[in-house]
Amino acid sequence: MKVLLISLLLMAVAVCVVTEGELDFDDTEIDEGADAALKCDACRIVAAKFAESFADIQGNIVPTISPKDEEIIEAAESTCDGAWEGYGVKIMGGMERLTGPEADVKAGIVDNDPIWSRRLQDMCDELLGETPDEKTLFNTWASGNSLEEYLCKGAGTFGACTSDNWGPWPGDDYEDYDDTADFEDIHDEF
């Protein structure tokens, strides 16, 4: 009888372990943390691209004169419409991190799926769309404040680097999100 009870107890423990393993609570938290880090990396990349675009237009005029509103709007919008090629995921410090063409992505690259260029472009569009206007972004940059701080370390849409529960990637709800071949036509609709 003791042997039977011990056997049943061991089987119950085994079932509990298997059931808990199937739920995979630990892996879910790790995946969310890794995804949160990738979203933060993506936001930082977008902020840096906006800064580059604003530096380019400011460099074309006298430093004490602000660009015209049309130039600011064009710079911001062309940032999102520009090329986002060459980005991929690389293992750095034991974590997946998003890197770009300026980094040495040849060593250690684990995912250079074309989805990254689409995600970056969608994130750029979403951040720009949630900003009061393009001039707000330019003025933030021109005043010496960090666009990364403004776009990535705030709340809501602007919280990619401050929230582990930032939400899905922008554009993930598009029916054809995995079909990157037709992306150019879809992006032009925005």
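Predicted model: local features only at pLDDT ≥ 70, side-chain atom pairs only at ≥ 80, totals over all residues.

Biologist: Which parts of the chain are tied together by Cys-40 and Cys-161?

Modeller: The sulfur atoms of Cys-40 and Cys-161 are 2.0 Å apart, and the two form a disulfide. Helices (H or I, at least four residues) and strands (E, at least two) are DSSP runs, numbered from the N terminus. The pair ties together parts that are 121 residues apart in sequence, because Cys-40 lies in helix α2 (residues 25-59) and Cys-161 in the loop between α6 (147-152) and α7 (183-187).

Biologist: Is Cys-40 buried or exposed?

Modeller: Buried means under 20% relative accessible area, exposed means over 50%, and partly exposed is in between (1.4 Å probe, protein chains only). Cys-161 has a relative accessible area of 22%, so Cys-161 is partly exposed. Cys-40 has a relative accessible area of 9%, so Cys-40 is buried.

Biologist: Is the link of Cys-40 and Cys-161 left-handed or right-handed?

Modeller: The handedness is given with the angle about the S-S bond. For Cys-40 and Cys-161 this angle is 100°, and the link is right-handed.

Biologist: Which helices hold Cys-43 and Cys-152?

Modeller: Cys-43 and Cys-152 form a disulfide with their sulfur atoms 2.1 Å apart. The angle about the S-S bond is -95°, and this link is left-handed. The pair ties together parts that are 109 residues apart in sequence, because Cys-43 lies in helix α2 and Cys-152 in helix α6.

Biologist: How many residues apart in sequence are the parts tied together by Cys-80 and Cys-124?

Modeller: Cys-80 and Cys-124 form a disulfide, with 2.1 Å between their sulfur atoms. The link is left-handed, with -80° about the S-S bond. Cys-80 lies in helix α3 and Cys-124 in helix α4 (residues 115-130), so the parts tied together are separated in sequence by 44 residues.

Biologist: What is the pairing of the bonded cysteines?

Modeller: The bonded cysteines of the chain are numbered in sequence order. On that numbering, the pairing is 1-6, 2-5, 3-4.

Biologist: How many salt bridges does the structure hold?

Modeller: Side chains of opposite charge can pair when their charged atoms come close. A salt bridge here is a side-chain nitrogen of Lys or Arg within 4 Å of a carboxyl oxygen of Asp or Glu. The structure holds six salt bridges.

Biologist: Where do Arg-97 and Asp-41 lie?

Modeller: The side chains of Arg-97 and Asp-41 meet in a salt bridge at 2.5 Å, N to O. The pair ties together parts that are 56 residues apart in sequence, because Arg-97 lies in strand β2 (residues 95-99) and Asp-41 in helix α2.

Biologist: Is Asp-41 buried or exposed?

Modeller: Arg-97 counts as partly exposed, because its relative accessibility is 23%. Asp-41 has a relative accessible area of 7%, so Asp-41 is buried.

Biologist: Which residues are linked in a network of salt bridges?

Modeller: The side chains of Glu-148 and Arg-44 meet in a salt bridge at 3.0 Å, N to O. This pair links distant parts of the chain, with Glu-148 in helix α6 and Arg-44 in helix α2, 104 residues apart. The network of salt bridges links Arg-44, Glu-148 and Lys-153.

Biologist: Which helices hold Lys-135 and Asp-69?

Modeller: The side chains of Lys-135 and Asp-69 meet in a salt bridge at 3.1 Å, N to O. The pair ties together parts that are 66 residues apart in sequence, because Lys-135 lies in helix α5 (residues 134-142) and Asp-69 in helix α3.

Biologist: What separates the C-alpha atoms of Gly-82 and Lys-49?

Modeller: Gly-82 lies in the loop between α3 (69-81) and β1 (88-92). Gly-82 and Lys-49 are 33 residues apart along the chain, and their C-alpha atoms are separated by 9.5 Å.

Definitions and conventions:
Residues numbered from 1 in each chain as written. Heavy atoms only, no water. Disulfide = S-S within 2.5 Å.
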